[in-house]
Amino acid sequence: MKGTTRDGILSVLVGVALACSGTAFAGGPWLPENISSLGERVDYLYRVIFVITTIMLVLTEGALVLFVFRYRHRPGRRVSQVHDHPVVETVWSVIPGLILVFLAIYQWSAWADAKVRPPDSASAVRVQIFARQFEWHVRYAGPDGEFATADDVTMINQLHIPQGKPILVQARAQDVIHSFFLPNLRVKQDIVPGNTVLLWFDALKNGTYEIACAELCGLGHYRMRAQLFVHAPEEFESWLQGKSGTGAVPEDWGWDWKEGT
Ligand SMILES: [Cu+2]
């Protein structure tokens, strides 16, 4: 292949990579609006990983394209068999390994805040979520602060939360695995039958947002959607008072709030 053609292909590839990286760093047109305090860190990690993988993609695919042209069939040229190259093989094993170790360390504090260190349950708004084919049941403790009592507030496919406060959720699934997905809060958590999952988040902006099930959970999976309502704190309190005593969940799910589960 002529040098100019090769240079041309390489510059197109580098251009595409730069364009993709630039878009990703600028926020990316494909990310939904972030309204949580953790979301910024999640998005930043996403961008860092996106850029690293884009560079690796361009390098490896660029080499592939280059070699396909460079070593294509030509009359009279014979194939030469090549076996083992310890230096090259070590380099292409160690570099990805080091990148993975770097990412594992670099993301740890964001992961810990998202999945390991829950907020103090005394200052958080506690919510129970029951997932089942194909709806989300949401329960609040009501004025007495205890779950599974007559003044509980229950909703179907609606999650109401106050703005700016930590929300602590205990979630269970009745039938199959569901995945609780809040795209605008960068929260996605599988809920497995037999387990009680603890998750937490906050929302910094009022409004109505989407809740989706992100696990293919049956034929009606596509309609397992709900809405997240983020209210001003006072508005949330009066909403909760007004709903007090809306009764138990449709079936007796039979569990109270248990710390640490
Ligand atoms: Cu589901």
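1. Two strands are taken as paired if DSSP finds at least two bridges between them. The model discussed here is predicted, and the pairings named below follow from that criterion.

2. Overall content. The chain comprises 5 helices and 10 strands. Of its 261 residues, 21% count as buried. Among contacts with a separation of 6 or more, 70% are between residues 24 or more positions apart.

3. The open sheet. Five strands form an open sheet in the order S3-S2-S1-S5-S8, and the pairing is mixed. Strand S3 (153–156) and S8 stand at the edges; each has a single partner strand, so one side of each is left without a neighbour in the sheet. Direction ignored, neighbouring strands of this sheet are turned by 25 degrees against each other on average. As a general point, strands of a sheet pair through backbone hydrogen bonds, in either the parallel or the antiparallel sense.

4. The S1–S2 pair. S1 and S2 run antiparallel and are joined by 5 bridges. A hairpin links S1 to S2 through 2 residues. Two cross-strand positions may be checked in the display: Ala 131 has Trp 136 in S2 as its bridge partner, and Ile 129 stands opposite Val 138 in S2.

5. The S2–S3 pair. On the side of S3, S2 pairs in the antiparallel sense over 4 bridges. Here His 137 stands opposite Ile 156 in S3. How many residues of S2 are buried? The count is 5 of its 6 residues, so that S2 is mostly covered.

6. The nonpolar core. The largest nonpolar core has 31 residues, and those with the most contacts inside it are Val 127, Ile 129, Ala 131, Ile 167, Val 169 and Ala 171. The elements that give two or more residues to this core include strand S1 (125–132), strand S2 (135–140), strand S5 (167–173) and strand S8 (197–201). Strands S4 (158–162), S6 (178–182), S7 (187–191) and S10 (225–231) also give two or more residues each.

7. With which residues is Val 169 in contact, leaving aside its neighbours within four places in sequence? The partners are Val 127, Ile 129, Leu 199 and Trp 200. Of these, Ile 129 is also among the residues with the most contacts inside the core, and Ile 129 is the residue that stands opposite Val 138 in S2.

Terms used:
Residues are numbered from 1 along each chain as its sequence is written. This is a predicted model: local features need pLDDT of at least 70, side-chain atom pairs count only at pLDDT 80 or more; totals for chains, interfaces and linings use all residues. A nonpolar core is a set of buried Ala, Val, Leu, Ile, Met, Phe, Trp, Tyr and Cys residues joined through C-beta atoms within 7 Å. A residue is buried if 20 or more other C-beta atoms lie within 10 Å of its own, exposed if 12 or fewer, and partly exposed in between; C-beta atoms are placed from the backbone. Two residues are in contact if their C-beta atoms, placed from the backbone, lie within 7 Å. Axes are lines fitted to C-alpha atoms, for helices over the stretch in contact, and angles run from 0 to 180 degrees between N-to-C directions.
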